[in-house]
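Dear colleague,

I am passing on the structure below for you to look at alongside this message. My notes on helix packing and on aromatic rings follow it.

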Amino acid sequence: SGTLKVAPEHISDNVLSCMHKPSKEVFVEFTRKYKETNKRLGLKQYLIPYLISSHPGSTLEDACELSLFLKKYGFVPDQVQDFYPTPGTLATCMYYTGLDPLTMENVYVEEKKMQRALIHFHKKENRRTVEAALKKVGREDLIPVFFSHKYHTKKRK
């Protein structure tokens, strides 16, 4: 189909640590090699990241970091899932207790609407929520960065 879906799930080291996943550098390196290989082969294929918003441990700052990463690398996320507690998982334990059961350290649990909107900053209907989230974390300077993006003026095919 010309697309490869991969599941970095997040790029913030803070969140990836809670997920027990490797750092974002692994995904960045994979992305680089994928693009390099496609260029060498003369193929036009796309990489589509699968992401999770509001995972235990994820703050609005982490969601901002993720959205800046997406913008920098030109990813327009197709699949974003809000964290949903699943019985018997470490993440669900973190969600309900606010603690990482392996370390007993506190884990932040944030509201979902703002984090999801930040990941889908390119969607017109999320503009007000994104602006509110950026203001909440003191990053009003990013408002023009996100809303000068080409995806606000053109429809994605």
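The axes themselves are lines fitted to C-alpha atoms, for helices over the stretch in contact, with angles running from 0 to 180 degrees between N-to-C directions; helices (H or I, at least four residues) and strands (E, at least two) are DSSP runs numbered from the N terminus.

Please bear in mind that this is a predicted model, in which local features need pLDDT of at least 70 and side-chain atom pairs count only at pLDDT 80 or more, while totals for chains, interfaces and linings use all residues. Residues are numbered from 1 along each chain as its sequence is written, and side-chain values use heavy atoms, with hydrogens and water left out.

In contact terms (heavy atoms within 4.5 Å), Lys-113, Met-114, Ala-117 and Leu-118 of α5 meet Thr-129, Val-130, Ala-132, Ala-133, Leu-134 and Lys-136 of α6. These residues divide into seven nonpolar, one polar and two charged, where Ala, Val, Leu, Ile, Met, Phe, Trp, Tyr, Cys and Pro count as nonpolar, Asp, Glu, Lys and Arg as charged, and the others, Gly among them, as polar.

The contact is made by Leu-60, Ala-63, Cys-64, Leu-66, Ser-67 and Leu-70 of α3 together with Met-114, Gln-115, Leu-118 and Ile-119 of α5, which by class gives eight nonpolar, two polar and no charged residues.

Turning to the rings, those of Phe, Tyr and Trp (its six-membered ring) pair if their centres lie within 6.5 Å, with planes under 30 degrees apart counted as stacked, over 60 as edge-to-face and the rest as tilted; the count comes to eight aromatic pairs. The rings of Phe-27 and Phe-75 have centres 5.7 Å apart and planes at 35°, so this pair is tilted. Phe-27 lies in helix α2 (residues 24-41) and Phe-75 in the loop between α3 and β3 (79-82), 48 residues apart. Phe-27 is buried, with a relative accessible area of 9%, and Phe-75 is buried at 7% (buried means under 20%, exposed over 50%, partly exposed in between, with a 1.4 Å probe and protein chains only). Ring pairs link Phe-27, Phe-69, Tyr-73 and Phe-75 into a cluster.
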